[in-house]
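This report goes through a structure with two chains, element by element. Please keep the sequence and the 3D view at hand while reading.

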Amino acid sequence: MTQPATLQEPIAQGAKSKALVIKNLSKEYVKGKPVLTDISLEIEAKGITAIIGPSGTGKSTLIRCINRLVDPTTGDILFNGQNLATLSGRQLRNARRHIGMVFQEYNLLERLSVMENVLSGRLGYVSVWRAWLRKFSAEDVDKAFALLEQVGMADFANQRADALSGGQRQRVSIARALMQSPDILLADEPTSSLDPKTSVEILELMTDQAKLNHIPVIINIHDVSLAKRFADRIIGMSSGSIVFDGKPEDLQNDHLKSIYGGEDWLT
Amino acid sequence: MNQPTLDKSTFMEKRTWTRFSPVERTARFIFYFVTVAVIVVSLQTIEVIPEFLLDAPEQIGDMLNRMWPPDVSYYPSTIHEAMLETIHIATLGTLLAIVMAIPIGVMVAENVTQNKALNWFARLILVSSRSINSLVWALLFVAILGPGPLAGAFAIAFRSIGFIGKLFGEALEESAPGPIEALRTTGAPWFSIMTMGYWPQVVPTFWAIVLFRWDINLRESAVLGLVGAGGIGVALNTALELFYWDRVSMVLLSMLVVVAIVEVLVTQIRKRII
């Protein structure tokens, strides 16, 4: 691995603390119309960080820049001793193996079994032949069963994903992300398609698993009360910038006003 | 907060609505006018001879008379073997087409192959394949490989590439992007994303396309014999040239039965896979 000399120092810092460091990150889908402007953040290697903010404010873009589903326009993303923002090809694929992600719409392969969906978390490690023939190692299969057990879906291993309910699907998708043995877990609105009770269960599962595996979690969420209940740290975003960054108990109505605008809804 | 200021003038203004704007109306008029003009001009060019047209019912009656009863003994002596050959041509041609159409379908799908040049190259192949009729393909392959069923199978295959490749490519383009994104985040290589991400999503459509094309190919390969590319068409051609109308009707009847059986078969299989 050859890295540009200028980046040696911050990378060394990132490697030491295992933290995620975002520096001066900007993203413009259309030139001159930034969605993210100059975001700088440091996220510790533990704990739950919730990003709140109105729709269209760049929360999803920010989280997707981290695993490069979206390519940032400028800025650095330092993680595990690498600058994720500059990686491409095989290096990017290898870096992605260490970043798990959970989506709002679960994004399971509907026509494949629950087991295949969980095992697909290993695709970064398994050869294309073995993936095609579904010849996953016994170790992987054992781990998949153990994870299904932990997320409470062990009885569903051979069911097709399209037979599951929303909450069940999200459990499987969490198992898939954990199957990667990630160093960090990203979640993009993981509960927005679920009912309130299931939402709480899913967030409990994610936070428990994060503690168990000693990994940090970054959650995009627009439900402020859920964010306050589960997060150790809350980041408030408004029109592409961070306007609040602190502990849940410090989040006051004034902050919410500056995040979401208006005040009629705060009653 | 909620105090809309109602401007009296906008409130009272008389508003009109029409389905089409004047430009659209003119365009529609031109369209209808051209359609009628085309029909009139076409009728003049084909020079309908009224006597022949009036004569037609009588001719049809005469032909049906000669066709009935069909010569059943022609089936075991000639048709059976030719029919099997036709089925073989259609099946082999379809299989050959699948092998060639899958890579081209992958290449033409813009979400899978993110390279405009490759997309256009694949599109060119698909359009060329479809723009040439099966019979013309058969003439070409008879010239290259000599007459016989092999030329027929190649003709069927080359005509089918365009059909299968185009529809397969469209199925790939319509597959859900979410699960693909999920696999990309695991660090999966391109080929694994193809086999575990795209393939499970398009597999029912793919087999439906292939079965449909096989069905079409059975009917198309029936006429390939007319240009010497083997199959039932040869038997049909011989009977036609010798004016054995009872044999002609037997050939047509056998084809009808086979096509009907295939129709039922394909519908049943399609139900199972989807």
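Strand 3 (residues 48-52) and strand 8 (residues 217-220) of chain A run parallel and are joined by four bridges; two strands count as paired if DSSP finds at least two bridges between them. Opposite A:Ala50 stands A:Ile219 of strand 8 of chain A. Strands (E, at least two residues) and helices (H or I, at least four) are DSSP runs, numbered from the N terminus. The model is predicted: local features need pLDDT of at least 70 and side-chain atom pairs count only at pLDDT 80 or more, while totals for chains, interfaces and linings use all residues. Residues are numbered from 1 along each chain as its sequence is written, and chains are lettered from A and ligands numbered from 1 in the order in which they are written.

Both strands belong to an open sheet of six strands in chain A, ordered 6-7-8-3-9-10, with mixed pairing. Strand 6 (99-102) and strand 10 (241-246) of chain A are at the edges with a single partner strand each, so one side of each has no neighbour in the sheet. Direction ignored, neighbouring strands of this sheet are turned by 20 degrees against each other on average. Helix 7 (residues 166-179) of chain A packs on the sheet and touches strand 6 and strand 7 (184-188) of chain A; the direction of helix 7 makes about 175 degrees with that of strand 6. Angles run from 0 to 180 degrees between N-to-C directions, and axes are lines fitted to C-alpha atoms, for helices over the stretch in contact.

## The four-stranded sheet of chain A

A further open sheet in chain A has four strands in the order 2-1-4-5, with antiparallel pairing. Strand 2 (33-43) and strand 5 (82-83) of chain A are the edge strands, each pairing on one side only. Strand 4 (residues 74-79) and strand 5 of chain A run antiparallel and share two bridges. The bridge partner of A:Leu78 in strand 5 of chain A is A:Asn83.

Helix 2 (residues 59-66) of chain A packs on this sheet, where strand 1 (20-30), strand 2 and strand 4 of chain A are touched; the helix direction makes about 60 degrees with that of strand 2.

## Helix pairs in chain B

Helix 4 (residues 74-108) and helix 5 (residues 116-131) of chain B have axes that come within 7 Å and cross at roughly 135 degrees.

Helix 6 (residues 134-145) and helix 7 (residues 149-174) of chain B pack at about 135 degrees, their axes 8 Å apart. That angle makes helix 6 of chain B oblique to helix 7 of chain B.

Chain B is assigned domain 1 (16-47) and domain 2 (75-273), with bounds from an automatic or database domain assignment. The C-alpha centres of these domains of chain B are 38 Å apart.

How many residues of chain B are in contact with chain A? There are 18, and they meet 23 residues of chain A; contact requires C-beta atoms, placed from the backbone, within 7 Å. On the chain B side, helix 8 (177-185) and helix 9 (190-224) each supply at least two residues.

Technical notes. Angles under 35 degrees count as roughly parallel, over 145 as roughly antiparallel, 65 to 115 as roughly perpendicular and the rest as oblique. Two residues are in contact if their C-beta atoms, placed from the backbone, lie within 7 Å.
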